[in-house]
Amino acid sequence: MRRDSLKEIAVLKELQDPSPQLNIVQLYDDFDYHNHLCMVLEPLDYDLEKAIYGERKGIEGKALGLETTKKFSRHIFRALRHMKKLAIIHGDLKPANILVDAKAQVLKLCDYGQATKFSPAKPHLDVHLGSMWYRPPEIILSSVVNHGIDVWQAAVVLFECCTGKVMFPGKNNNDMLYLYQRCKGRFPSKIIKKSGEMLAKLKLPAYFDTEQKFLQMVNDPSVPGKHLVKPWLVGDKPEVSLKSMLITPSL
């Protein structure tokens, strides 16, 4: 925990900028207190998760409205642009890590405990990086990553702002890939192949067989708590359109 805090302090110090349009929470000070590392951050009223779901987190809350979503999107992408200039990937964008003021006029990114410096020499990240509902497919598949993973997470968060519902409420990484493919269609063959090779190096099970069928994990109806593998040759075209998800956001 202390190591994550030290990393977060270092990242925040690098990201500091006097511009009021930065949209990244400002670090005022840091100090040790009884062997606890403390950070003094600029005050904001609550996080985006509370704005959408109130006091109780679930997969359904209240939509913030199109105008608020558009405004928040500008704020998020301004922050991501600044981070990209400094080669910093947040890696864990989600409503709980985004702060807003009481009037919903200012949005700022926070919680850089899982942030990392982007390096083409180390293009792979931990397959469990970030929170599951916001985890990009590149992370799960152990594919080459870049700043695009923050863009994916930002898009999923903005969907949540617009609809009041979690876009991909998967139960595990396998289920997340299933939901992604229903919405986006089949992953490119090259990515599937490279994923299998990388996951094998990490001694982790592959998500696709040799025929590139997705190995979907489903509940065994005859044995509670047991799972079966259901090979699925994913089609090129999505089964669920993004438009229909925005109107009735449920997979």
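The model is predicted: local features require a pLDDT of at least 70 and side-chain atom pairs a pLDDT of 80 or more, whereas totals for chains, interfaces and linings use all residues. Residues are numbered from 1 along each chain as its sequence is written, and side-chain values use heavy atoms, with hydrogens and water left out.

Eight helices and nine strands make up the secondary structure assigned to the chain (DSSP runs numbered from the N terminus; helices are H or I of at least four residues, strands E of at least two). The radius of gyration is 19 Å, close to the 18 Å given by the globule rule for 251 residues, so the chain is as compact as a globular protein of that length; the radius is taken over C-alpha atoms, and the rule is 2.2 Å times the number of residues to the power 0.38. The C-alpha trace spans about 55 × 40 × 35 Å along its principal axes. Of the contacts (heavy atoms within 4.5 Å) between residues at least 6 apart in sequence, 61% join residues at least 24 apart.

The chain exposes about 13,900 Å², of which carbon and sulfur atoms supply 56% (Shrake-Rupley method, 1.4 Å probe). The mean positions of its 36 positive and 28 negative charges are 6 Å apart. Lys and Arg count as positive and Asp and Glu as negative, without His or the chain ends, and each charge is placed at NZ of Lys, CZ of Arg, CG of Asp or CD of Glu.

Helix α3 comprises residues 66–85. Buried positions in α3 are T69, K71, F72, S73, H75, I76, A79, L80, H82 and M83. T69 has a relative accessible area of 7% and, neighbours within four places in sequence aside, is in contact with L158, C161 and C162. A87, which follows α3, has a positive phi, near 60 degrees.

A51 lies in helix α2, residues 48–53, and counts as buried at 16% relative accessibility. Beyond its neighbours within four places in sequence, A51 is in contact with Y46, K62 and L64. The C-alpha atoms of A51 and L141, 90 residues apart along the chain, are separated by 32 Å.

Terms used
Buried < 20%, exposed > 50% of the residue type's maximum accessible area, 1.4 Å probe, protein only.
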